[in-house]
Amino acid sequence: MHRLLRRLSQRSVCSGITQISGRLEVNPVAISAASELTDSCRGASTATAAGALPIQGETPIQQAIQACCSSLGRQPGTAEATLADRLTDNWYVTAADAAALTQAEATALKVPVRFLHELRALLPQAAHNDDSHSENGAQLATGLDTVNTAEVITDEDSCLVTSELQTALMAAPQMIAANSDLPDDIMQRRCPPLKRFRHGAASKVKVTTRQRQKPYALKKEDMTKKLQDQFDDFHKFNTSRFFGQQADPIAVCTSDKYADHARGILGWLHNVKGVPLSELSMKSAVPSKKREGVKVAFDYMHWLADERHISCTTEGVVIRSLMQMAKFLYHRGSSSQPLEGDKAYGDLLVIRELRKLSTSNRRAAKVAVRASDEGLKWLEWPEYLQTVQELRRECAGRNELGALRARSAVAWSLQRYLIFAILSSIPDRQRTLRELQVGQTLFKDEQGRWVIRHGPGHYKTGKAYGERPPMVIAPHIYPELEAFLDEWRAELYPLHDFVFSRADGQPLTASALYKLFTTSCYRITGKKTNPHLVRDSIVTYLRSTGASERELEALAIYMGHSLEMQRGTYDRRTKAAKVEPAISLLDKINRDARQR
């Protein structure tokens, strides 16, 4: 298993990801020298570079081109000056920058193959393998070597989820981080300009065509005392155990989400249908345990679809929220016996009707067109890994000029990096990050590894899969993680015991984490990627690179979902990409038949 993903990580490192590369952070001295050399090259096209000094990784690209011309017995002229301009314009300003070009990048920039070959031959080996000169610490010289795709995969049959799989998930970020030359001392690092990629404000980019509409949900402060008490009882019903209970308690965050949607339908009844606040209760939304008790909910969902243009995904959450309200209101009237094979609360006709709606919703969701423009959000896995490295460069105590940064700013940079980095080695749901707590879900084991441990109550599908295997955080993240926990977290003045915080010191909420993630990702990549898409990205990447079904099953267990969900929900390959292996197989069969 680990061998397969090691190969995949090598492919990711040599992929075309330069649009978000750290090379965009330019050394002003190198640019100045490059400009002078360009002028001299243009003004003396007949001059020869004979006798040029040996080049190093930090040699400006114009001088490197002259040295290559000299070595090849070629006089630099207009073509060479144009090549120098083209590389400099794309922030390849040193010999090592150019030597690290992948084949795809070189083709896109129209870099002659012979020039690249000669450049790599002239450079000292360490200059394009170790990249110790590089300011950004994330040069991709490993992409110059050919990946051995013929390596045989052999795994023991007895265990699908092993430390090998966990190591494999860490492999790609480790390979990139291994070349980093950032000082260990955060206070000695220099943070590049945060707006260096100039993508503008994320708020101006809309990933859907839906327009912002007037809020309609009932506000907590507008609720009567009686209604507030009912919502408190609803929360207790959802999250606690009691005699006669037919289903296990649900997570607090899920209960809160259901309460939000309960306020949604009550707000619709008040603000749209005109029901007075004094008359509102949950029974206003689900007035009966009989079949007709679903009528109000049915009208509400039609309104949401026609007026608010909600997605199938949102509609599904609304239906589940209404179902939970019905269970709360009428559970005492149910005599179903789940332990004897009955569905929980299945004798309540209103529950049966809501389950029918839920089934119809799931069928519609499978074929529904996505409401958002995926091109504005999607990052390939190699691009995500490079984003993580850019955020690591920002974990610095000084700005680009060497002046001390505010300690709170350093703490925020570390928190941003850690959120992205942990997801790169453990592509889990965002709840894992929000509820991360030392001694509760985050531990340092006897081997010195930082691991996340989840019991059934710690994650969404815990009731189905039980205790999860330990999820190991990649070791290269430990320096920043331990610095944050030991020193920098306190600079955010947290009012809780969770690892990550909001600006007001409170724990991260789902919406706060979502905003932090999308704005940070947009600032670096120009894509409004959200935390959940990270899971889609790794699954899509692995499925597109030939991972076996058994290995994908191991990944599914590690990520806490089924293989069926992995195929249907997380795999974002197009239908054309999914059937490509079948087309290739048929073509091979036909070729073999013709040759007989």
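This is a predicted model: local features need pLDDT of at least 70, side-chain atom pairs count only at pLDDT 80 or more; totals for chains, interfaces and linings use all residues.

**Exercise 1: the cavities**

How many cavities of 30 Å³ or more does a search of the whole structure find?

Residues are numbered from 1 along each chain as its sequence is written, and side-chain values use heavy atoms, leaving out hydrogens and water.

Solution. 
- Step 1. The search turns up two cavities of 30 Å³ or more. A cavity here is a set of points on a 1 Å grid over the protein atoms alone where a 1.4 Å probe fits but cannot get out, and lining residues have an atom within 4 Å of a point. A volume is the space filled by probe spheres set on the points.
- Step 2. Take the second largest cavity, with about 30 Å³ of space. Its lining is Trp378, Leu379, Tyr384, Thr529, Leu533, Val534 and Ser537.
- Step 3. Sort that lining: five nonpolar, two polar and no charged residues. (Ala, Val, Leu, Ile, Met, Phe, Trp, Tyr, Cys and Pro count as nonpolar, Asp, Glu, Lys and Arg as charged, the others, Gly among them, as polar.)
- Step 4. Helix 22 supplies the largest share of the lining, three residues. (Helices are DSSP runs of H or I with at least four residues, strands are E runs of at least two, and both are numbered from the N terminus.)

**Exercise 2: Asn530**

Find what the side chain of Asn530 reaches on the backbone.

Solution. 
- Step 1. Locate Asn530 in the loop between helix 21 and helix 22.
- Step 2. Check burial: Asn530 has a relative accessible area of 9%, so it is buried. (Buried is under 20%, exposed over 50%, partly exposed in between, with a 1.4 Å probe and protein chains only.)
- Step 3. A polar atom of the Asn530 side chain lies 3.1 Å from the backbone nitrogen of His532, and one lies 3.0 Å from the backbone nitrogen of Leu533.
- Step 4. Leaving aside residues up to four places away in sequence, Asn530 touches Lys377, Tyr514, Phe517 and Thr518. (Contact means heavy atoms within 4.5 Å.)

**Exercise 3: Arg189**

Which backbone oxygen does the side chain of Arg189 reach?

Solution. 
- Step 1. Arg189 sits in the loop between helix 9 (163-177) and helix 10 (225-239).
- Step 2. Arg189 is buried because its relative accessible area is 3%.
- Step 3. The C-alpha atoms of Arg189 and Glu394 are 8.5 Å apart, though 205 residues separate the two along the chain.
- Step 4. The side chain gets to the backbone oxygen of Cys395 at 3.1 Å.

**Exercise 4: positive phi**

Look up where Lys110 and His309 sit and what their phi values are.

Solution. 
- Step 1. As background, most residues other than glycine have a negative phi.
- Step 2. Lys110, in the loop between helix 6 (103-108) and helix 7 (113-122), has a positive phi near 60°. Its relative accessibility is 65%, so Lys110 counts as exposed.
- Step 3. His309, in the loop between helix 13 (295-308) and helix 14 (312-330), has a positive phi of about 55°. With a relative accessible area of 47%, His309 is partly exposed.

Methods. On a 1 Å grid over the protein atoms alone, a cavity is a set of points where a 1.4 Å probe fits but cannot get out, and a pocket is an open set with protein on both sides within 12 Å along at least five of seven lines; lining residues have an atom within 4 Å of a point. A polar contact is a pair of N or O atoms within 3.5 Å; within protein, one must be able to donate a hydrogen and the other to accept it, and residues adjacent in sequence count only if both atoms are side-chain atoms.
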